[in-house]
Amino acid sequence: MKRKLVAAILYAFAGGATSATLLAARDLADLSLEQLSNISVSSVSGREEPLSGAAASVFVITADDIRRSGATSIPQALRLAPNLQIAQIDTNQWAIGARGFNNSLTNKLLVLIDGRTVYTPLFSGTFWEAQDVMLEDVERIEVISGPGATLWGANAVNGVINILTRSAAGTQGALASAAVGTHERHVSARHGAMLGDAAFRVYGKNTRRDASSLANGTSNRDDNDHTQVGFRSDWERATDRFTLQSDAYTAESGAVPAPREYSGFNLLGRWTRDLADGARLRTQIYFDTTNRHHPGTFRESLDTYDLEVQHSLRAHGSHRVLWGAGLRHHRDHVENSPTIAFMPADRRLSRNNVFVQDEIALRRNLTLTLGAKIETNSYTRPEFLPSARLAWQPSAAHLVWTALSRSVRAPSRVDRELFSPANPPFVLAGGPDFRSEVANVFELGYRAQVSSQLSYSATAFHHDYEHLRTLTPTPGGLMVTNDRDGKVYGVETWGTWRAAEWWRLSGGLTRLHTDTSLRPGAVDAGVASSERSDPNGWWKLRAAFDLGSTSELDIMARHYGALDTREVPAYTAIDARYAFRPARRVELSLVLRNLFDRGHAEWAPGADWGRAAIAKVRLDL
């Protein structure tokens, strides 16, 4: 029992209006590559800017990409991003990372949904099984590989995933979808309308997934039942824009000795005012409450209160200044078990920041962006998070950029306050002096729109890490420490070729090398091996075919190198989707996953993922 407990702890470380949605998706598929390159992104500089001019390694997953992928969850949609390593752990859990140090909670990757951070301060990372949206309402997902700490703060170390849903005005009318597959079933509905000068939508969805199996056929008992409802409303008055949105969910996942339960509710409000001469003021506030119950391990109730203000000043000469501040407060309560305890059980945590960023036009086609954020947290001294980006655009079709950044992963409760068992002598003890993990990052990138048929992007990167997490043996057990340094370097590239009006080919390749070393005299009991769960590279390839005006065929192949420290071999998987529209407002589709593969492991030996099929009907009523 004790061995299983320690293993579990180490693992934790480790009408015309009604059919507008479907028509908009078809229109997006018909855009030229040049038009697609000018899709707006906001996660790089804090303001809307065309993708072609964004000085970062950013990949955009569009609404049409998601629809044509046949994805039924956020992690499946993220498989489309060539700059992400995606590994399925079980039916509910995923390891999603960028540029190395992937683990089951993505502790160096910041994830946001409509500006709301879903990074947990308990275990440091994202509980992917709790994150859900109605995928038909997603406008785009901006995936940045590389640090984003100046804008987004601590924990945006290796990347940022920003999931943005459409405004309520863009989701008018009714939509319903249902899907049934070999291992899952989904049903969802949404209705949007006008109420005076305000647009609103409401939605509800339910997802049921069967338990996965080991290679020998034994059930993992990880079946899942997730129900979620929500609403969003947007309205404008003169120079003001308002957004109010909310989600509530409850879920149960089969597990031993009893099902895991988790639920949550959030409420977000945003007010944006356009000021004179291009200036803008934005205020956002949200409340988020989550509850998790892992029988025999712990039960947690977490309340988060967040306030953020950003002010974009009017241009002054060659300077465009953006500044802001944020206040975040967590109220965390844990019911401990005899095997695992967070001490103290009740904790109030705060994270506050102020930042400034200045875009300086050195020449007509040369821009220097300097920024810095000072962020405080409940565990360490104030963290200084600076960045400098230089972008040169010799023509509208070419962009060369480089960046230097400093980012940190701030301590969480699992680093300092986790003890096992609940009473001494402890097998594992949190480190009272655990400090932030630090990354100093250099990037060099190039993006080009070679022609109306071909575009590509390439980025070289070098990360220097300090104070990485380790487990140091003590006379009584293990203690969490910061005794490892490391380097990660490599290149990531992707491109799109429109071979014909009816055929589009896109793909990407990432190569990386990870090298870590212990500080003199230090000993690591093994957590580092679980944190270096990275292949030396991967590639993804997608082909999209428009077969006349009513049919589509999409094929996606992905290959990941071996995870040597986890004894997971390399694998290649191929998925396919065929869709047919018998009527303007009806879409029928069939998705086949792992077509030529009886089963492969992605994260752990024995947990195999084999062939699966799912059929879906979508109605724009």
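**Exercise 1. Which residues does Phe 59 contact, leaving aside its neighbours within four places in sequence?**

Solution. Work in the predicted model shown above.

Step 1. List the partners. Phe 59 is in contact with Leu 80, Ala 81, Pro 82, Asn 83, Ile 141, Glu 142, Val 143, Trp 494 and Arg 542.

Step 2. Phe 59 sits in strand β3, which covers residues 57-62.

Step 3. Pick one partner, Trp 494. In sequence, Phe 59 and Trp 494 are 435 residues apart. In space, their C-alpha atoms are 8.9 Å apart.

**Exercise 2. Decide whether Phe 59 is buried or exposed.**

Solution. Step 1. Take the relative accessible area of Phe 59, which is 12%.

Step 1. Apply the cut-off: buried means under 20%. Phe 59 has 12%, so it is buried.

**Exercise 3. Describe the surroundings of Phe 434.**

Solution. Step 1. Find Phe 434 in the loop between β25 (428-429) and β26 (437-449).

Step 1. Check its cover. The relative accessible area of Phe 434 is 1%, so this residue is buried.

Step 2. List its partners, leaving aside neighbours within four places in sequence. They are Arg 409, Pro 411, Asp 415, Arg 416, Arg 469, Val 480, Thr 481 and Asn 482.

Step 3. Now take Leu 370. Phe 434 and Leu 370 are 64 residues apart in sequence. Their C-alpha atoms lie 30 Å apart in space.

**Exercise 4. Which residues have the most contacts inside the largest nonpolar core?**

Solution. Step 1. Start with a general point. In soluble globular proteins, nonpolar side chains tend to be buried together.

Step 1. Name the residues. They are Ile 61, Leu 78, Leu 84, Ile 96, Ile 141 and Ile 161, in a core of 41 residues.

Step 2. Turn to a second, separate core. This one has 15 residues, including Leu 105, Val 334, Leu 478 and Val 480.

Step 3. Look closely at Ile 161. Beyond its neighbours within four places in sequence, its contacts include Leu 78, Leu 84, Ile 96, Trp 128 and Ile 141.

**Exercise 5. Does the radius of gyration agree or disagree with that of a compact globule?**

Solution. Step 1. Count the residues: 621. A compact globule of that length would have a radius of gyration near 25 Å.

Step 1. Compare. The protein has 24 Å, which agrees.

Step 2. The C-alpha atoms fill a box of roughly 70 × 60 × 45 Å along the principal axes.

Step 3. The protein has eight helices and 36 strands. Buried residues make up 56% of the 621.

Conventions
Residues numbered from 1 in each chain as written. Predicted model: local features only at pLDDT ≥ 70, side-chain atom pairs only at ≥ 80, totals over all residues. Heavy atoms only, no water. Helix = DSSP H or I, 4+ residues; strand = E, 2+ residues; numbered from the N terminus. Rg over C-alpha atoms; globule rule 2.2 N^0.38 Å. Buried < 20%, exposed > 50% of the residue type's maximum accessible area, 1.4 Å probe, protein only. Core = buried A, V, L, I, M, F, W, Y, C linked by side-chain atoms within 4.5 Å. Contact = heavy atoms within 4.5 Å.
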